[in-house]
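These are my notebook entries on a structure I went through with the coordinates open. I kept them in the order in which I looked things up.

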Amino acid sequence: MITSIGNVDSSRVGVASILISIFIFISVFISLIFPLVPVKSSHELFARELSDTSAVVSLNDRQAFYSLSKYLEFFEDKDSNLTIEQISSAEFSKQFKQSDRDPPSFGYSTSIFWARLQLYNSSELDAEWVLSFEYPQIDRIELYLPSPQQIGGWISKKSGLLYPFSARDISDRLPAFSIPISAKTSQNIYIQLQTTTPLIIQANLRNLIGFWQYRGNQNIWIGLIYGSLIFAILYNFFLFTALQDPVYLYYIIFATGAGLILFAYDGFGIQYVWQSAVWWNKHAIAILAFPTSLCLIQWICLFLETKSFMPQCHRILRSQQILLTVIFLSIFILPFQFVSVANTVGILITCSLAIMMGIFAVKRGYSPARYYLLSFSFFPLGVIAHQLSQLNVIPAFEWIRDIYRVGIVASVVFLSLALADRINLLKAEKLRAQKHALAEKDILNEDLKRSQEQLLEREKQLEYDVLHDALTGLANRTWLTQRLQDLLQQQQQKFAILFIDLDRFKVINDSLGHLVGDELLKYATIRMQSILPNFGTLTRFGGDEFVILLEELTDLESITKLADLLQMQLQLPFYLNNYELFISASIGINLSTEEYKQPEEIIRDADLAMYQAKHKGRRRYELFTQSDRIAAMTRLNLESDLRRALDKNEFYLMYQPIVSLQTQQICGYEALVRWKNSAGQQISPSEFIPITEETGLINSLGWWIMQEVCQQTQLWNQQLNNSNNMNLSINVNVSPIQLRQLDFIKTLKQILIETGLPNHCLKLEITESCLLENIDSDTNLLQDLKDLGIRLCIDDFGTGYSSLSRLHDLPIDTLKIDQSFVKRIGSESDSAVIIETIISLAQSLNMHTVAEGVETRSQLDKLIAIGCNFGQGYLFSRPCDLATASKILQNGLTCAID
């Protein structure tokens, strides 16, 4: 990715949004007001009435070009019902008047306009002249010439957008007509014009040779413009094939679309491509503008990385895409003038937003945005000038169309330069990263060399090595045992030991390898030794376990302060082999007493205290008490009882209904395992489930639960199908240990086949923390389950540390909101906000939500209000045995709320 552009301050975005909104409002107001101004009446359209002797074009051999703006006379047929015979009669002769515009333009009008041109050939020879119209966007042009064969008759020639190219008198991209005139003769010609586009009449008269010379010179100029576009497109296509970066693909589509718009605007489309497609000829520009604008917006999002660095602007651009889509669809239902104005307004809004974001990017140090700003500075000028000329606000000079063309080409070229500058920026960043990596590598190589030299020196001291760890150089377990034995024999000296276990070391060692793990141990050793008092000795007990022996016991407060310092040192990041590693420690503290006779006893109890710290969440210390030893023995006995519990049928299942919050209908149950041991004691699942996972008993217990609930749910569904024709689903909690068994899917399919339960009736609940381990392999496993039709839930969502960036990749159907949020929904507003956020996230990912622990009516009402789908809790029903669950179903699926 490119160097961070930086997050835009919300206050600046707000001010910029207000300014840009004012600009947009003014643009929209001007663009919408002018089309609504009525077309001027006939006596206002023209500057003056002609005298009886009107302007006549005197043709001769010495002059090859005539601009007809001051020669053309116009008449507006508001009823659109006059014929050539009527309009050429004496009755209408004096009603023709010249336009006050040069070139003549009448904006948007629904009337038919007639134009009259009086010609006189003063030459001694017959001549053929060409009447050409330089503005191509006119629907219908019909030229009437006096018929030489029939007095009072007329010859008609047609051209314009609504006629195929084959109907044109001269095969040219712009409307043009051949006018033959005999020597020393005069004639009046009439032109009928009608269009839904702006009526701009820039007409010229040239002799035949002069016409084709002018058109050739003009095509050279236009060819240079198209050549620039094609070069930019091909150059960026080469970059796209080399880099596979989508930003170049969207640029190519935008530049191609801009070129096609000019291609249609200049009349090349009807000449070379869609010669007979009349409808396409009229609407090509508006239709091509739609995908071109969409791709331009997408290009802006990728180029400026708005989703990451300007999220508010990113959302505005997405809204703009929707607006452009609406404008595009309006082509088929609204008048052309409104579509044209709306399209222009949409383009101006897009350019305004682009300029605003470009300014923010430049201020943040993103250098490629400079060319980007130049691009969007040129383009709006051409669009505004072109639209104002079409609205008859300013004269439609030919150079305005050139500005329109140059604006588009300049935009494309400068965007290409911005992409080129972006490549240079990427290269510079890559070079800096390589230099930084080489510098860190040199440092690590020096450290490794120093460590190897130290190890070689220690190997020479065999006696020393027997009592010290070869990796860290610390005193080892043998030394610690001997020293403790000496201290116990002295009896009068009080001492303490701190048993330290590095948290998450196994994960680092397994994932990055033993070399990185060994380096981490050595660096952790250095940090711990740096804070030890003079009377303290750090020893390596084995693996990632260390023991600190404090031979001069002062007070408990000093020992706990030392434990806190150890935590602070170990929680700082470690930088090894280009990895940034984090660890912590679980510490057990044990003080010497007269009861201890052997070193192994005091080490054993410190170890017990360390495991208590691990069970309480790690990253902490615990002081050994006699209750720790009792708890350890209790756990050992509990493990022995567990191994016999399944054979003795001591486990049983409870069922808690899952209710639709909208209909109060029971849609399924969650199966909950319970254990009542042989002594009649009820053991909590929080006590025995972790033990089953550690000992591997969870697999046998889990498959027993799966077999029982699938069989029972199928029996319930058979009963419901007979009465209500409904299927009940069953939720089963699955341990990550069981889930990752190689034969998990195979065994599960076999159970579903044996019990006859439809796959979609089974929902597997997986803990949130389970998804963070081996997420790639777990995603494939979950997808295989999803392909079988089995539905998947994340249990206790919101209590773990889910990788939200990967959540959309997981085939999850349901998020179960943890009851800790639901219980506080009435007292803490933050809980309601969290639940609402989870529900919004689930809805955006097409997932359902289940609220756990619903206990009050107020909680239910709030959950319904924010859109939660399902709920379970004491408000509906406590977990019940099989008989009670069956009775609930027999009484109907509607759940009675307590």
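The model is a predicted one, in which local features need pLDDT of at least 70 and side-chain atom pairs count only at pLDDT 80 or more, while totals for chains, interfaces and linings use all residues. Residues are numbered from 1 along each chain as its sequence is written, and side-chain values use heavy atoms, with hydrogens and water left out.

**Entry 1, the whole protein.** I took helices (DSSP H or I, at least four residues) and strands (DSSP E, at least two) as runs numbered from the N terminus, and with that I noted 30 helices and 30 strands. I called a residue buried under 20% relative accessible area, exposed over 50% and partly exposed in between, with a 1.4 Å probe and protein chains only; buried residues then make up 50% of the 898 residues. Of the contacts between residues at least 6 apart in sequence, 72% join residues at least 24 apart. The protein exposes about 43200 Å², of which carbon and sulfur atoms supply 56%, with areas from the Shrake-Rupley method and a 1.4 Å probe, where for residues only the protein chains shown count as cover.

Which residues does K614 touch, leaving aside its neighbours within four places in sequence? I found D501, D503 and S586. K614 belongs to helix α19 (residues 599–615), and I logged K614 as buried because its relative accessible area is 16%.

I took the expected span of a helix as 1.5 Å times one less than its number of residues. Helix α5 (residues 208–243) has 36 residues and should span 52 Å, and its end C-alpha atoms are 52 Å apart, so the two agree. Q244, which follows α5, has a positive phi near 55°. For helix α6 (residues 246–265), the 20 residues should span 28 Å and the end C-alpha atoms are 29 Å apart, which agrees. Just after α6, I noted a positive phi of about 85° at G267.

D102 and P103 are joined by a cis peptide bond with omega about 0°, and P103 is in the loop between β5 (97–99) and β6 (105–107).

N424 is in helix α13 (residues 398–459), and I logged N424 as partly exposed, at a relative accessible area of 46%. N424 and P368 are 56 residues apart in sequence and 9.1 Å apart in space, C-alpha to C-alpha.

Definitions and conventions. Contact = heavy atoms within 4.5 Å.
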